[in-house]
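Please keep the sequence and the model in view while reading.

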Amino acid sequence: MPRTKGDHEARRRDVSTAVWQVMATRGFAGLTLRAVAAELGASTGLLTHYFPTKHALVEYALDLLEQRTVSRPRRRTGEGLAALRDALLDILPLTPEATDSNRIWVCSWDTALTDPALSSDYARKYAQGRDRLTERVSAAQELGELPPGDPARIAAGAQAFVLGLVVQALLDPAAFPPRRQVELLDDYLASVTASP
């Protein structure tokens, strides 16, 4: 019997789940056709129907990671400084799902740094993130919650701070549990608020 489009889409969802599970448990470096096939309970031959090369698998994994990151629920507790804080909290590994996502992102940096196309794509994604933060900084400045200054520069500093905190929390979760991450973020925002 020929496969239907629904069967193909269902199998693709199964493959997506297996790719995600491998990345979450083995990191990006452990993402191989063999590992995904084992997680799926299938042969590598079946998997090569979807991903003829490791590069195709990597591209798909990064797309999947971005889709999951974009579709994750976001905090919305207010405007101005509260909205900026929400955006930064959404980046941190405060939940198991966010921890998995961040672990995979950080593991994928090695691949992105050695592939010019991926490197450009990552640079674009981080620039878009800074643009979104810049909008929130500007709104907080208009409300008088942040001092005047270049909003893009403040956003770049906030992004750099929170990404550094992500790395520390992933490498030493006992020293940087969710509560401490939030406290450190609030301390950082208080210092930005108090800047001349």
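Which residues is V19 in contact with, leaving aside its neighbours within four places in sequence? They are L31, V36, L57, Y60, A61 and L64. The model behind this answer, and behind the rest of the report, is a predicted one.

## Overall layout

The protein has nine helices and zero strands. Read from the N terminus on, its elements therefore run α-α-α-α-α-α-α-α-α. Taken along the principal axes, the C-alpha atoms fill a box of roughly 70 × 35 × 30 Å.

The protein has 196 residues, and buried residues make up 38% of them. Among contacts between residues at least 6 apart in sequence, 63% join residues at least 24 apart.

## Nonpolar cores

In soluble globular proteins, nonpolar side chains tend to be buried together. The largest nonpolar core here has 29 residues. V19, M23, F28, L31, V36, L47 and F51 are the members that touch the most other members. Two or more residues of this core come from each of α1 (5-26), α2 (33-40), α4 (54-71), α6 (96-114) and α7 (116-142).

## Helices α6 and α7

The axes of α6 and α7 come within 6 Å and cross at roughly 130°. The two helices are therefore oblique to each other, and their crossing is left-handed.

On the α6 side, the residues that meet α7 are W105, S108, W109, T111, A112 and T114. On the α7 side they are P116, L118, S119, Y122, K125 and Y126. Sorted by class, this contact has seven nonpolar, four polar and one charged residues.

## Helices α5 and α7

Helix α5 covers residues 81-91 and packs against α7 at an angle of about 155°, with the axes 8 Å apart. That angle is over 145 degrees, so α5 is roughly antiparallel to α7. The crossing of α5 and α7 is left-handed.

In this contact, L81, A83, L84, D86, A87 and L88 of α5 meet L133, R136, V137 and A140 of α7. The residues divide into eight nonpolar, no polar and two charged.

## Helices α8 and α9

Helix α8 (residues 151-171) and helix α9 (residues 178-194) pack at an angle of about 160°, and their axes lie 11 Å apart. That makes α8 roughly antiparallel to α9. Their crossing is right-handed.

I154, G157, A158, F161, L165 and A169 are the α8 residues in this contact. From α9 they meet Q181, L184, L185, Y188 and V192. By class, the contact has nine nonpolar, two polar and no charged residues.

Not counting residues up to four places away in sequence, N102 touches I91, L92, P93, V166 and L170.

K125 lies in helix α7. With a relative accessible area of 13%, K125 is buried. Leaving aside its neighbours within four places in sequence, K125 is in contact with E66 and W105. W105 is one of the α6 residues in the contact of α6 with α7, and K125 is one of those from α7.

Q159 has its place in helix α8. At 9% relative accessibility, Q159 counts as buried. Leaving aside its neighbours within four places in sequence, Q159 is in contact with Y126, G129, R130 and L133. Y126 is also one of the α7 residues that meet α6, and L133 is one of those that meet α5. Between Q159 and S119 there are 40 residues in sequence and 18 Å in space, C-alpha to C-alpha.

Definitions and conventions: Residues are numbered from 1 along each chain as its sequence is written. This is a predicted model: local features need pLDDT of at least 70, side-chain atom pairs count only at pLDDT 80 or more; totals for chains, interfaces and linings use all residues. Side-chain values use heavy atoms; hydrogens and water are left out. A nonpolar core is a set of buried Ala, Val, Leu, Ile, Met, Phe, Trp, Tyr and Cys residues joined through side-chain atoms within 4.5 Å. Buried means under 20% relative accessible area, exposed over 50%, partly exposed in between (1.4 Å probe, protein chains only). Helices (H or I, at least four residues) and strands (E, at least two) are DSSP runs, numbered from the N terminus. Contact means heavy atoms within 4.5 Å. Axes are lines fitted to C-alpha atoms, for helices over the stretch in contact, and angles run from 0 to 180 degrees between N-to-C directions. Angles under 35 degrees count as roughly parallel, over 145 as roughly antiparallel, 65 to 115 as roughly perpendicular and the rest as oblique. A crossing is left-handed if the near helix is turned anticlockwise from the far one by less than a right angle, and right-handed if clockwise. Ala, Val, Leu, Ile, Met, Phe, Trp, Tyr, Cys and Pro count as nonpolar, Asp, Glu, Lys and Arg as charged, and the others, Gly among them, as polar.
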